[in-house]
Amino acid sequence: MNCTEFLAKLTDYFDGQIDPDLLAEVKQHLCSCHHCEVVVDTTRKTIDIYRGHEHYDLPDDVATRLRSAIMERCKCGCDETKAAKTPEPTKSRH
Amino acid sequence: MAAPTSIADDLLDTPESPAPDAPHPDLALVARAKAGDTAAFEQLVKQYERQIFRTALHITQNREDAEDITQDVFFKAFQKLDQFQGNSKFSTWLVRIAVNESLMRLRKRKTQRTVSMDQDVETEEGAIPRDFAEWRPNPEQNYSQAELAEILRKTIAGLPPGFRTVFTLRDIENLSTEETAEALGLSVPAVKSRLLRARLQLRERLSRYFRKGSEGTAEAMRLNK
């Protein structure tokens with residue numbers, strides 16, 4: 001297995017969706033190729049760092065406000081709540 | 001360096017996974033909601049509002065848009081509950097609505113350009129690794145929480161929407177590859193291809209901050225602005 005063939009299997013390798021024979025080839029390649037070993041290690045760290053950090057939190061008070069607005073719209077079956085909240089629908093948000 | 005191991009175990013066990021073969025608990029809530037029980041629907045909103053908000057925010061990169069989209073997603077889901085047949089998870093169905101709403105919002109914002117799951121995915125950037133520097137141990141600890149949050153936000157925001165969305169659903173929201181494909185209307189091979197390139201592009205960009213021998217934290221951030 002060369003580096004290009006290894007790269008083609010990287011997603012399956014990370015996701016544990018690789019058959020045992022191919023897995024042995026992948027591991028053998030990793031033992032002999034430092035560059036690919038670094039790519040695996042740092043890609044795994046990339047995923048772990050993103051998964052370990054809640055960088056887009058929804059504060060409780062905002063969640064409660066949103067839920068109330070959603071349920072109000074659902075109960076009346078219309079867009080009145082949203083229309084009341086955003087009287088200027090064409091306003092730019094850039 | 002530690003021997004490579006699969007991370008599949010982390011990815012497969014999601015907190016919401018019911019026992020194998022057992023009906024997903026959401027189905028009972030959906031049935032009650034279809035029968036007019038708004039409290040059951042409110043429970044579903046409570047369960048998934050954060051996931052839908054995060055998904056919308058990752059795609060649009062705009063909190064106000066994400067709040068509006070979260071409202072619209074649940075309102076549309078409520079109106080179209082009869083169309084949900086239970087062939088997929090309810091959460092996957094919601095995510096698909098959220099992705100569509102978010103992409104529509106991006107299209108409105110960028111009127112000169114078409115925004116879709118296919119936008120910019122033909123780029124070759126990141127398809128082949130170029131940076132082979134090892135990272136420092138626990139590299140994120142060299143930054144304050146605020147600095148790290150800014151690095152992660154800026155790095156993922158730089159991905160094309162098609163890559164950013166796949167990475168968000170698969171690696172942050174823990175959807176399976178099949179669920180991600182279903183939510184995005186893509187084939188499984190297309191998801192795998194985009195996921196690989198998204199992961200490699202993020203790795204390459206984060207390496208500027210986390211590699212061994214990089215400058216001090218403030219200096220690294222200054223150089224990469």
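User: What makes helix 8 of chain B mostly covered?

Analyst: This is a predicted model, in which local features need pLDDT of at least 70, side-chain atom pairs count only at pLDDT 80 or more, and totals for chains, interfaces and linings use all residues. Residues are numbered from 1 along each chain as its sequence is written, and chains are lettered from A and ligands numbered from 1 in the order in which they are written. Helix 8 of chain B spans residues 177-184, and seven of its eight residues are buried. A residue is buried if 20 or more other C-beta atoms, placed from the backbone, lie within 10 Å of its own. The buried residues include Glu179(B), Glu182(B) and Leu184(B).

User: What do the buried residues of helix 8 of chain B pack against?

Analyst: They pack against helix 5, helix 7 (161-172) and helix 9 (188-210) of chain B. Helices are DSSP runs (H or I, at least four residues), numbered from the N terminus. Just after helix 8 of chain B, Gly185(B) has a positive phi of about 70°.

User: Why is the set of 65 residues called a nonpolar core?

Analyst: A nonpolar core is a set of buried Ala, Val, Leu, Ile, Met, Phe, Trp, Tyr and Cys residues joined through C-beta atoms within 7 Å, so the name follows from that rule. The largest such core has 65 residues, and Val73(B) and Phe167(B) are among those with the most contacts inside it. In soluble globular proteins, nonpolar side chains tend to be buried together.

User: Which residues does Val73(B) touch, not counting residues up to four places away in sequence?

Analyst: Val73(B) touches Ile52(B), Leu94(B), Ile97(B), Ala98(B) and Glu101(B). Two residues are in contact if their C-beta atoms, placed from the backbone, lie within 7 Å.

User: How many residues of domain 1 of chain B are in contact with domain 2 of chain B?

Analyst: Domain 1 covers 22-109 and domain 2 covers 139-223, with bounds from an automatic or database domain assignment. 12 residues of domain 1 of chain B contact 12 residues of domain 2 of chain B. On the domain 1 side, helix 5 of chain B gives the most, with five residues.

User: What makes up the side of chain A that touches chain B?

Analyst: 37 residues of chain A are in contact with 47 residues of chain B. Helix 4 of chain A supplies the largest share of the chain A side, 15 residues. By class, that side has 18 nonpolar, eight polar and 11 charged residues. Here Ala, Val, Leu, Ile, Met, Phe, Trp, Tyr, Cys and Pro count as nonpolar, Asp, Glu, Lys and Arg as charged, and the others, Gly among them, as polar.

Notes
Helices (H or I, at least four residues) and strands (E, at least two) are DSSP runs, numbered from the N terminus. A residue is buried if 20 or more other C-beta atoms lie within 10 Å of its own, exposed if 12 or fewer, and partly exposed in between; C-beta atoms are placed from the backbone.
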